[in-house]
Amino acid sequence: LMNAGSSRSHSIFSIVIECCSVDSDKNEHIRVGKLSLVDLAGSERQSKTGASGDRLKEATKINLSLSALGNCISALVDGKSNH
């Protein structure tokens, strides 16, 4: 069942790594890599939450937006897509 407060939480962790090297001609080269880890609250089966009224409407909208976000992420990582 859903609690009185929101049971959904999200986390975003970004890790940036920089590497600096100097070649034989004394030129500096900087390489930067960024890794983002995203943990989104999952959708819940509405029948199992016991939610009704406004809470049920909120859960429905959250589930729809998570589904849309999943579609966007899938399209971005799909090698066949043109962006």
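**Exercise 1. Which strand is Ser14 found in, and what does Ser14 touch?**

Before starting, keep in mind that this is a predicted model.

*Solution.* 
Step 1: Find the element. Ser14 is found in strand β1, which covers residues 11-22.

Step 2: Leaving aside neighbours within four places in sequence, Ser14 is in contact with Lys34, Leu35 and Ser36.

Step 3: Focus on Ser36. Along the sequence, Ser14 and Ser36 are 22 residues apart, while their C-alpha atoms are 4.3 Å apart in space. Their side chains also make a polar contact, at 3.5 Å.

Step 4: Check the accessibility. Ser14 has a relative accessibility of 44%, so Ser14 counts as partly exposed.

**Exercise 2. Describe the chain as a whole: how many helices and strands are there, and in what pattern do they follow along the sequence?**

*Solution.* 
Step 1: Count the elements. The chain has 2 helices and 2 strands.

Step 2: Read along the sequence. The pattern is β-β-α-α.

Step 3: Turn to burial. Of the 83 residues in the chain, 10% are buried.

Step 4: Examine how contacts span the sequence. Take the contacts between residues at least 6 apart in sequence: 49% of them join residues at least 24 apart.

**Exercise 3. Is Arg31 buried or exposed, and which residues does Arg31 touch?**

*Solution.* 
Step 1: Locate the residue. Arg31 has its place in strand β2, and β2 covers residues 28-39.

Step 2: Compare with the cut-off. Exposed means over 50% relative accessible area. Arg31 has 58%, so Arg31 is exposed.

Step 3: List the contacts. Not counting residues up to four places away in sequence, Arg31 touches Ile17, Glu18 and Cys19.

Step 4: Arg31 and Glu18 are 13 residues apart along the chain, and 5.7 Å separates their C-alpha atoms.

**Exercise 4. Where does Lys26 lie, and what is the value of its phi?**

*Solution.* 
Step 1: Lys26 lies in the loop between β1 and β2.

Step 2: Most residues other than glycine have a negative phi.

Step 3: Read the angle. The phi of Lys26 is near 65 degrees, which is a positive value in a residue other than glycine.

Step 4: Check the surface. With a relative accessible area of 71%, Lys26 is exposed.

**Exercise 5. How many disulfides does the structure hold?**

*Solution.* 
Step 1: Remember the term. A disulfide is a covalent bond between the sulfur atoms of two cysteines.

Step 2: Give the count. The structure holds 0 disulfides.

Step 3: Cys20 is in no disulfide, and the nearest cysteine sulfur, that of Cys19, is 7.4 Å away. The cut-off for a disulfide is 2.5 Å between the sulfur atoms.

Step 4: Look at accessibility. Cys20 is partly exposed, with a relative accessible area of 47%. Cys72 counts as partly exposed too, at 46%.

**Exercise 6. Which residues make the nonpolar surface patch, and which helix gives the most to the patch?**

*Solution.* 
Step 1: Name the members. Ile12, Val38, Leu40, Leu69, Ile73, Leu76 and Val77 make a nonpolar surface patch of about 670 Å².

Step 2: Find the main contributor. Helix α2, residues 53-77, gives the most, with 4 residues.

Step 3: Take Leu69 as an example. Leu69 is found in helix α2, and at 33% relative accessibility Leu69 counts as partly exposed.

Step 4: Buried means under 20% relative accessible area; Leu66 has 18%, so Leu66 is buried.

Note on methods. Residues numbered from 1 in each chain as written. Predicted model: local features only at pLDDT ≥ 70, side-chain atom pairs only at ≥ 80, totals over all residues. Heavy atoms only, no water. Buried < 20%, exposed > 50% of the residue type's maximum accessible area, 1.4 Å probe, protein only. Contact = heavy atoms within 4.5 Å. Polar contact = N/O pair within 3.5 Å; in protein donor to acceptor, adjacent residues only side chain to side chain. Patch = residues over 30% accessible without salt bridge, like charges linked within 9 Å, V, L, I, M, F, W, Y side chains within 5 Å. Areas by Shrake-Rupley, 256 points an atom, 1.4 Å probe, with all protein chains shown as cover. Salt bridge = Lys/Arg side-chain N within 4 Å of Asp/Glu carboxyl O.
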